Amino acid sequence: MTGTATDPADPAAAAAPVVLRRNRDFTLLWLGQAASQLGSGMSAVAYPLLVLALTGSAALAGTLAAAVTAATVLARYPAGVVVDRCSRRAVLVSCDALRAVTLAALGIAVLTGHAGFPAVLAAALVEGVCAAFFAPAELAAVRHVVPAPAVAAAAAGNQARGHLAGLLGNPAGGVAFGISAALPFHLDAVSYLVSLLCVAGIRTPLRAPRRPDPGPDRVSGTEMLAGVRWLWRHRFLRATLLWSAAVAVVYSSMGLLVVVLAHQRGAGPGGIGVMLGMGGVGGLLGAVAAPWLLRRLSARAVVLGFGWCGAASVGLLLVAGSPWTMGALAAVAYFPAPALVAGIQARIATEAPDALLGRVSSAASQLAAVATPAGPLLAGLLLGLAGAVATVWCYASVMVLLAVVAMASPGLRSGNG
């Protein structure tokens, strides 16, 4: 993967390629997180399976997922402050160490028969909260280990890593759980140790030199919202994140919608699994293509491409007759997503002040996902009241409307450059 270096003060340097795979510190960070995300993908499947095995209660499995989501959301704002005010290397290492110990302990508890729902919930909460702290610290680290012109390519590489880890980790977690209920958690613990060692090996300082006056020691609500205020003043990012929040309502429930639709049209479990896998492959291919897309398209064009691909894909579900066709449409819908996410992350990493980077990153995640929990609830209501076909019509209409809004948005037009 390469990025094109552009130093305004040095025209010769502007054409010099930045090869990320030769960047030792970025490679360490990338490989560590690849291992960590692979382990997390395995444990993500194992948690509900373990709750069902221990309690037989699907409601408790749902409670665990909801509790982890809520804890992650609540942790994001304080996480941003901690990342901005403390050693980012220490935050990264501490999160990995705490998660490794927690997952290893859970695995031991499962092996010895001492794991109950409270222990599983506690472990999942630790993972979720640590993830909320790790994410902004990692983005801050990318800013410092990668030259500015290559940040977009680095963000795209991280998107590819996440999609690949999901594609491999989820089925691997199911297989590992079948061998031993403790195995996915022990493997996840090992993955965090690998990430810890990789982060510890990074040589580049992960923050800009501090100002002589670091500010008050007490964290105020105003300080926690500094990232939101910065984003709100950034016209393009404000418009893109609010638009993405609306789109997320549709995309967060697309999996449920296509599963119900495929089932009604006679698809079996195997066909539905292939269909969902094709959607994941589309996201992975989009992540691979993201650096090329970001070099050749304006930021606004990336947003519009995402909007119209989503609208077309959802609309064509009305005439898709097989899981293969529906899977292909899912792949098209998810293909532009990594470029959109990587473009947003690159803008934040290169334009936000270093002293605010953690808070801006956390605030962006919050704004983009603020309406996501409403998606599955809305889909369930529509499917129950109107049926799958009517729900597709509704979703397609919403996506067309959002694509038109993107075309007309003055804030998104500011991203043409």
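**Salt bridges**

I searched the whole predicted model for salt bridges. The search returned seven.

I went to aspartate 84 next. Arginine 88 forms a salt bridge with aspartate 84, and the closest N and O atoms are 3.4 Å apart. I checked both residues for burial: arginine 88 and aspartate 84 are both buried.

Aspartate 84 has another partner. Its side chain also meets that of arginine 359 in a salt bridge, at 2.7 Å from N to O. I looked up where the two sit. Arginine 359 is in helix H16 (residues 357-369), and aspartate 84 is in helix H3 (residues 58-85). The pair is 275 residues apart and links distant parts of the chain.

Are arginine 359 and aspartate 84 buried or exposed? The cut-off for buried is under 20% relative accessible area. Arginine 359 has 9% relative accessibility, so I count it as buried. Aspartate 84 has 4%, so it counts as buried too.

I then turned to helix H4 (residues 88-112). Aspartate 96 and arginine 99 meet there through their side chains in a salt bridge, 3.1 Å from N to O. I noted their spacing: they are three residues apart in H4, so about one helical turn separates them. An α-helix has 3.6 residues a turn, so residues three or four places apart point the same way. Aspartate 96 counts as buried at 0% relative accessibility. Arginine 99 is buried with a relative accessible area of 4%.

**Glutamine 366**

I stayed with helix H16, where glutamine 366 is found. Its relative accessibility is 11%, so glutamine 366 counts as buried. I listed its contacts, leaving out residues up to four places away in sequence. Glutamine 366 touches Val73, Arg76 and Tyr77. I then took the C-alpha separation to tyrosine 77.

**Helix H15**

I checked the length of helix H15 (residues 337-351). It has 15 residues and reaches 21 Å from its first C-alpha to its last. That is close to the 21 Å expected at 1.5 Å a residue.

How many of the 15 residues of H15 are buried? I found eleven, and the helix is mostly covered. Among them are Pro338, Leu340, Ile344, Arg347 and Ile348. Ala337, Ala339, Ala342, Gly343, Ala346 and Ala349 are buried as well.

**Helix H17**

I ran a length check on helix H17 (residues 374-386). H17 has 13 residues and spans 18 Å from first C-alpha to last, close to the 18 Å expected at 1.5 Å a residue.

I looked for its covered side. Gly375, Ala379 and Leu383 are buried in H17. Why do I assign them to one face? Seen down the axis of H17, the buried residues fall within an arc of 60 degrees, so they line one face of the helix.

I asked what they pack against. The buried residues of H17 pack against helix H10 (235-251), helix H11 (254-264) and helix H18 (388-408). I then viewed the face turned away from the buried side. It carries the exposed residues Leu377, Gly384 and Leu385.

I also looked at what follows the helix. H17 is followed by glycine 387, whose phi is positive, near 95 degrees.

**Surface patch and helix H18**

I looked for nonpolar surface. Trp308, Val400, Val404 and Met407 form a nonpolar patch there. Together they have about 320 Å² of accessible area. Where does the largest share of the patch come from? I traced three residues to H18.

I picked out valine 404, which lies in helix H18. Valine 404 is partly exposed, with a relative accessible area of 42%.

**Leucine 316**

My last entry is on leucine 316. I placed leucine 316 in helix H13 (residues 299-316). Leucine 316 is partly exposed, at a relative accessible area of 44%. I took its C-alpha separation from valine 392 and got 9.2 Å. Leucine 316 and valine 392 are 76 residues apart along the chain.

Key:
Residues numbered from 1 in each chain as written. Predicted model: local features only at pLDDT ≥ 70, side-chain atom pairs only at ≥ 80, totals over all residues. Heavy atoms only, no water. Helix = DSSP H or I, 4+ residues; strand = E, 2+ residues; numbered from the N terminus. Expected span 1.5 Å × (residues − 1). Buried < 20%, exposed > 50% of the residue type's maximum accessible area, 1.4 Å probe, protein only. Arc of directions from axis to C-beta. Contact = heavy atoms within 4.5 Å. Patch = residues over 30% accessible without salt bridge, like charges linked within 9 Å, V, L, I, M, F, W, Y side chains within 5 Å. Areas by Shrake-Rupley, 256 points an atom, 1.4 Å probe, with all protein chains shown as cover. Salt bridge = Lys/Arg side-chain N within 4 Å of Asp/Glu carboxyl O.
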